[in-house]
Amino acid sequence: MSKLYERLEKCYKCFKSKIDFEPDAALVLGSGLGDFADGIKTEAVLDYHDIEGFPVSTVQGHKGRFVFGYVGDVKVVIMQGRVHYYEGYKMEDVVLPVRLMKMMGAKVLLLTNAAGGVNRDFHAGDFMLISDHINMAPSPLIGENADELGVRFPDMSNIYDRDLRDIVRNTAKDLGIPLQEGVYIQLTGPNYESPAEIRMVRTLGADAVGMSTACEAVAANHAGLKTVGISCISNMACGITDKPLTHAEVQETADKAAPLFKQLITESVIRLGKAL
């Protein structure tokens, strides 16, 4: 057994000793979006601090806990706050929560984030269905492979599952919620990108930029967890406008978009659950 899997098993056993719940779907809530978990039918809450060997989020606005409960009839586990590579964690730590949710029983993963708009047709407050990504951070698969999770060289041709994307796309259409689509690029952060870097990522084909998500999606695919992702465009990236960027602006925009976001996520999860 790999050391990575041994560590995961310790976290899983710690979880099982405290929570008797097996989710079907997993959600990761990005900056400003964490309040979604407060509105579900909650069965249990588990603070990250209470899981042996589990990384803890240090970012303002990330509560740092798992919430277990129901969205409609779908059993879910929600990460209310994620950990990031820029916090100083190893990439193995950053993606450990996603791998743990797979071990808990989750079959699908919905990733959300607050992102900077690179596509000039986007506006702050838009939602973007992630069609693909460019990962400029270290791969979470570097190092010893956990054969118990997946193969050494996993295919990444369908990172954001086409069928799941169809469900989210149709959900947005039925609800009358505008939904952009595009490529997300992950850089390391924590500084916002320079205008020259934004010109670079636009040339590479990115429509939105952020500091998370892509690494989690890679780890999820490696572990056989079907994944879909939605970005909330919280601001236009540096150089697209002359306005300086702040984390407060990111949270403020995400807060304003929260009602529509909750509606889209709730109905998407219900429909994703029916497709399991």
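This is a predicted model: local features need pLDDT of at least 70, side-chain atom pairs count only at pLDDT 80 or more; totals for chains, interfaces and linings use all residues.
Strand β9 spans residues 226-236. Of its 11 residues, 10 are buried, so the strand is largely enclosed by the rest of the structure. Two strands pair with β9. Strand β5, residues 108-117, lies parallel to β9, and the pairing runs over 10 bridges. Strand β6, residues 127-135, pairs with β9 in the antiparallel sense. Three bridges join β6 to β9.

Helix α2 packs against two other helices. Helix α1 covers residues 3-18, and helix α2 covers residues 91-104. Their axes come within 10 Å and cross at roughly 60°. An angle under 35 degrees would count as roughly parallel, and 65 to 115 as roughly perpendicular. The two helices are therefore oblique to each other. The crossing of α1 past α2 is right-handed. On the α1 side, the contact is made by L4, Y5, R7, L8, E9, C11, Y12 and F15. On the α2 side, it is made by E92, D93, L96, R99, L100, M103 and M104. This contact has 10 nonpolar and five charged residues, with no polar ones.

The second pair is α2 with α5. Helix α5 consists of residues 214-222. The axes of α2 and α5 are 9 Å apart, and the helices pack at an angle of about 55°. This arrangement, too, is therefore oblique. Helix α2 passes α5 in a right-handed crossing. From α2, the residues in contact are M91, V94, V95, V98 and R99. They meet C215, E216, A219, A220 and H222 of α5. By class, seven residues of this contact are nonpolar, one is polar and two are charged. R99 of α2 takes part in the contact with α1, and R99 also takes part in the contact with α5.

Residue P138 sits in the loop between β6 and α3, the latter being residues 162-175. Its relative accessibility is 28%, so P138 counts as partly exposed. Buried residues fall under 20% and exposed ones over 50%. P138 touches Y85 and M91, leaving aside residues up to four places away in sequence. M91 also belongs to the contact of α2 with α5. P138 and K90 are 48 residues apart along the chain, and their C-alpha atoms are separated by 9.6 Å.

Terms used:
Residues are numbered from 1 along each chain as its sequence is written. Side-chain values use heavy atoms; hydrogens and water are left out. Buried means under 20% relative accessible area, exposed over 50%, partly exposed in between (1.4 Å probe, protein chains only). Helices (H or I, at least four residues) and strands (E, at least two) are DSSP runs, numbered from the N terminus. Two strands pair if DSSP finds at least two bridges between them. Axes are lines fitted to C-alpha atoms, for helices over the stretch in contact, and angles run from 0 to 180 degrees between N-to-C directions. Angles under 35 degrees count as roughly parallel, over 145 as roughly antiparallel, 65 to 115 as roughly perpendicular and the rest as oblique. A crossing is left-handed if the near helix is turned anticlockwise from the far one by less than a right angle, and right-handed if clockwise. Contact means heavy atoms within 4.5 Å. Ala, Val, Leu, Ile, Met, Phe, Trp, Tyr, Cys and Pro count as nonpolar, Asp, Glu, Lys and Arg as charged, and the others, Gly among them, as polar.
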